Amino acid sequence: ISIIEARLLNDVIVPNEIFEIEVELKNTGIRKIEDHYIQLIINNIAVGQQTVSIDQGKSKNISFKTVTSNSGFHAAEIYLQHDDIIEDNKYYFNFQVPEIINIGFLQINEESKYYIKKSIKALNHKTKIFNVNNYSYSDMINNINKLLNNDLIITTPALLTNHTDSELNEYLFNGGHIIIYPDNHTISKD
């Protein structure tokens, strides 16, 4: 069995909340493999294990659900029990759990962001993980870098249709997130 890829299925991982890792496996051998042992190891600690069976020449996706209690960078490994080819029995990757997730509201009025703010307040109840910043349209024009330092930007369709900026495209390309949230001033052509 070969490990083809491991991917995090959650866009944002927060401490003490379940996240999921999907692993793509392929049987590159000439016979069916049954009850092959696979482990998920994070920071040198085995946090998940299961067995897998795969027909000859077939691929299969399996997933692990786990939590981590600490923020920061984490070293992870998918490990397969030894088979004929030991070189493809380990797959290494890293992931980051942010200490604080910065959310920028760009020109969203108080009435429109009421429920989002209540949700963030509820999520921050045990541990403050979400930090909210408010920005005006002039902040986007005059100091876009301040806005782009947020992990997530929530804005209205009108602001994005009236603004094309390579820095905003680069922010998205590099893993930034934007939620386009219609407000009571949004019209269907936006």
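Which residue forms a salt bridge with Arg 7, the closest N and O atoms being 3.8 Å apart? The residue is Glu 24, and this pair is among the contacts shown in the legends below, which describe a predicted model.

**Figure 1. The protein chain as a whole.** The protein chain contains five helices and 11 strands. Its C-alpha trace spans about 60 × 35 × 25 Å along the principal axes. The radius of gyration is 22 Å, whereas a compact globule of 190 residues would have a value near 16 Å. Of the 190 residues, 38% count as buried. Among contacts between residues at least 6 apart in sequence, 62% join residues at least 24 apart.

Figure 2. Side chains of opposite charge can pair when their charged atoms come close. Arg 7 and Glu 22 meet through their side chains in a salt bridge, with a distance of 2.7 Å from N to O. Because Arg 7 belongs to strand E1 (residues 2–8) and Glu 22 to strand E2 (residues 19–26), this pair ties together parts that are 15 residues apart in sequence. In the salt bridge between Glu 24 and Arg 7, the closest N and O atoms are 3.8 Å apart. Glu 24 lies in strand E2 and Arg 7 in strand E1, so this pair ties together parts that are 17 residues apart in sequence. Arg 7 is partly exposed, with a relative accessible area of 24%; Glu 24 is also partly exposed, at 22%.

**Figure 3. A salt bridge between two loops.** Asp 55 forms a salt bridge with Lys 32, and their closest N and O atoms are 3.7 Å apart. Asp 55 lies in the loop between strand E4 (45–54) and strand E5 (59–66), and Lys 32 in the loop between E2 and strand E3 (33–42), so the pair ties together parts that are 23 residues apart in sequence. Both partners are partly exposed: the relative accessible area is 39% for Asp 55 and 43% for Lys 32. Elsewhere, salt bridges that share partners join Glu 5, Arg 7, Glu 22 and Glu 24 into one network. The whole structure holds four salt bridges.

**Figure 4. The open sheet of E1, E2 and E5.** Strands of a sheet pair through backbone hydrogen bonds, either parallel or antiparallel. Here three strands form an open sheet in the order E1-E2-E5, with antiparallel pairing. E1 and E5 stand at the edges and each has a single partner strand, so one side of each is left without a neighbour in the sheet. From one strand to the next, the twist averages 20 degrees. E1 and E2 are joined by six bridges, and Glu 5 stands opposite Glu 24 in E2.

Figure 5. In soluble globular proteins, nonpolar side chains tend to be buried together. The largest nonpolar core has 22 residues, and those with the most contacts inside it are Val 23, Leu 25, Ile 38, Ile 78, Phe 93 and Phe 95. At least two residues of this core come from each of E1, E2, E3, E4, E5, strand E6 (72–80) and strand E7 (90–97). Leaving aside residues up to four places away in sequence, Phe 95 touches Leu 8, Ile 13, Phe 19, Ile 42, Gly 72, Phe 73, His 74 and Ala 76. A second, separate core has 11 residues, including Phe 105, Ile 116, Ile 129 and Leu 152.

Key. Residues are numbered from 1 along each chain as its sequence is written. This is a predicted model: local features need pLDDT of at least 70, side-chain atom pairs count only at pLDDT 80 or more; totals for chains, interfaces and linings use all residues. Side-chain values use heavy atoms; hydrogens and water are left out. Helices (H or I, at least four residues) and strands (E, at least two) are DSSP runs, numbered from the N terminus. Buried means under 20% relative accessible area, exposed over 50%, partly exposed in between (1.4 Å probe, protein chains only). Two strands pair if DSSP finds at least two bridges between them. Axes are lines fitted to C-alpha atoms, for helices over the stretch in contact, and angles run from 0 to 180 degrees between N-to-C directions. A nonpolar core is a set of buried Ala, Val, Leu, Ile, Met, Phe, Trp, Tyr and Cys residues joined through side-chain atoms within 4.5 Å. Contact means heavy atoms within 4.5 Å. The radius of gyration is taken over C-alpha atoms; the globule rule is 2.2 Å times the number of residues to the power 0.38.
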